[in-house]
Amino acid sequence: MYRLIIILVLLIILFFMVRKAVREFLGWGKPDPMLPGRDVMVQDPVCKLYVTAGSAVVEKIGGQTYYFCSDECAIKFKSNLSG
Ligand SMILES: [Zn+2]
C-alpha cells in the first residue's frame with residue numbers, strides 16, 4: 001500500500017517536471033519577471049533618455065540590469081562606477 005503511494009507521488013512530481021520542461025521548451029513559460037518586455041520603455045541612467053527594452057543596450061552590473069540608449073552611455077556608466 002505504501003509503495004503505491006510513493007509511486008503515485010513520484011509520478012505526480014515527474015508529471016510536473018515534464019510539464020515545466022515542455023512549457024520552457026515551447027516558450028510558453030512566463031517571461032523572466034526581472035526583464036521587462038521588448039516594448040517596455042526603460043530609462044537610460046546616464047542621459048535620462050527613454051528607449052524600448054528591445055532596442056536598448058543591456059548591461060548586467062553587480063546583479064542589476066541596466067538599459068542604455070547606446071554603447072557610449074554604457075561605457076560612461078561603467079567608468080563612473082569604477083572611477
Ligand atoms: Zn544614453
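**Close-up views of a predicted model**

**View 1. K48 sits out in the open.** With 9 C-beta neighbours inside 10 Å, K48 counts as exposed (exposed is 12 or fewer other C-beta atoms within 10 Å of a residue's own, buried is 20 or more, partly exposed is in between, with C-beta atoms placed from the backbone). You'll find K48 in the loop between β1 (41-43) and β2 (50-52). K48 isn't a glycine, yet its phi is positive, at about 65°. Most residues other than glycine have a negative phi.

This is a predicted model, so local features need pLDDT of at least 70 and side-chain atom pairs count only at pLDDT 80 or more, while totals for chains, interfaces and linings use all residues. Residue numbers start from 1 along each chain as its sequence is written.

**View 2. The chain runs α-β-β-β-β-α.** That's 2 helices and 4 strands (DSSP runs numbered from the N terminus: H or I of at least four residues for helices, E of at least two for strands). Of the 83 residues in the protein chain, 10% are buried.

**View 3. Here's the largest nonpolar core, with 7 residues.** Its members are V42, A56, Y66, Y67, F68, C73 and A74 (a core is a set of buried Ala, Val, Leu, Ile, Met, Phe, Trp, Tyr and Cys residues joined through C-beta atoms within 7 Å). Both β4 (64-68) and α2 (71-82) supply at least two residues each. β4 gives the most, with 3 residues.

**View 4. A close look at A74 and its contacts.** Setting aside neighbours within four places in sequence, A74 is in contact with V57, E59 and F68 (contact: C-beta atoms, placed from the backbone, within 7 Å).

Key
Two residues are in contact if their C-beta atoms, placed from the backbone, lie within 7 Å.
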